[in-house]
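Biologist: I have the model open and a few things to ask about it. Can we go through it together?
Modeller: Go ahead.

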Amino acid sequence: TVASRASATPSAAKVPNALPSYPKLPPIFFVGLPGSGKTTLAAALSKQFGLRLLVTDEEVARRIAPKTISELTSTPEGFQQFRDAERAVLVEQVLNQSNIIVDCGGGLVEQNGD
């Protein structure tokens, strides 16, 4: 019968969370003012498309622990250390990578050479 043939035919609606396979995509960078929604949008797109997410501030915070970012950046020398750590995160985790979304700290683009 028509009904039995229709139920035997696979449907895209019946395949949960089916994502297309993506070729190598260049890194996608989110840059903006604090509170502009970079992290929220980057996380949503990462989940939606199955791309790796790198939040640079979180990675820097892991590297400088037990200090916090606020503690480290309270002096000019500490601020420069923070910027150096930020740059190292990008070079180590993004250079020559594909299929990654990068949520950049707001000041990342203020550095010379970036």
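Biologist: Which residues of H5 are buried?
Modeller: The buried ones in H5 are Gly78, Phe82, Arg83, Ala85, Glu86, Val89, Leu90 and Gln93. Buried means under 20% relative accessible area, exposed is over 50%, and partly exposed lies in between, with a 1.4 Å probe and protein chains only. Seen down the axis of H5, these buried residues fall within an arc of 155°, so they line one face of the helix. The arc is taken from the directions that lead from the helix axis to the C-beta atoms.

Biologist: Before we go on, what kind of model is this?
Modeller: It is a predicted model: local features need pLDDT of at least 70, side-chain atom pairs count only at pLDDT 80 or more, and totals for chains, interfaces and linings use all residues. Residues are numbered from 1 along each chain as its sequence is written, and side-chain values use heavy atoms, with hydrogens and water left out.

Biologist: Back to H5. What covers its buried residues?
Modeller: The cover includes S1, S2, S3, H3 and helix H4 (69-72). On the other side of H5, Pro76, Glu77 and Glu92 are exposed.

Biologist: Take Ala85, then. Why does it count as buried?
Modeller: Ala85 counts as buried because its relative accessible area is 15%. Ala85 is found in H5, which takes in residues 76-93. Its C-alpha atom is separated by 8.3 Å from that of Ile64, 21 residues apart along the chain.

Biologist: What span should H5 have, given its number of residues?
Modeller: At 1.5 Å a residue, its 18 residues should span 26 Å, and the end C-alpha atoms are 26 Å apart, which agrees. The expected span is 1.5 Å times one less than the number of residues.

Biologist: New topic. How many helices and strands does the protein have?
Modeller: There are 5 helices and 3 strands, and along the sequence they follow the pattern α-β-α-β-α-α-α-β. Helices (H or I, at least four residues) and strands (E, at least two) are DSSP runs, numbered from the N terminus.

Biologist: In what order do the strands sit in the sheet?
Modeller: The order is S1-S3-S2, in an open sheet with parallel pairing. S1 and S2 are the edge strands, each pairing on one side only. Neighbouring strands are turned by 20° against each other on average, direction ignored.

Biologist: How many bridges join S1 to S3?
Modeller: 3 bridges join S1 (residues 28-30) to S3, and Ile28 has Ile101 as its bridge partner in S3. S2 (residues 52-55) pairs with S3 over 4 bridges, and the partner of Arg52 in S3 is Ile100. Two strands pair if DSSP finds at least two bridges between them.

Biologist: Are the faces of S3 covered or open?
Modeller: Both faces of S3 (residues 100-103) are covered: Ile100 and Val102 on one side, and Ile101 and Asp103 on the other, are all buried.

Biologist: What about H2, which of its residues are buried?
Modeller: Lys38, Ala42 and Ser46 are buried in H2. Down the axis of H2 they fall within an arc of 55°, so they line one face of the helix. They pack against S1, S2 and S3, where contact means heavy atoms within 4.5 Å. The face turned away from the buried side carries the exposed residues Thr40 and Lys47.

Biologist: Last one, the backbone. Where is the cis peptide bond?
Modeller: The bond from Ala65 to Pro66 is cis, with omega near 15°, and Pro66 is in the loop between H3 and H4. As for positive phi, Asn96 has a value near 65° without being a glycine. Asn96 is in the loop between H5 and S3 and counts as exposed, at 76% relative accessibility.

Technical notes:
Axes are lines fitted to C-alpha atoms, for helices over the stretch in contact, and angles run from 0 to 180 degrees between N-to-C directions.
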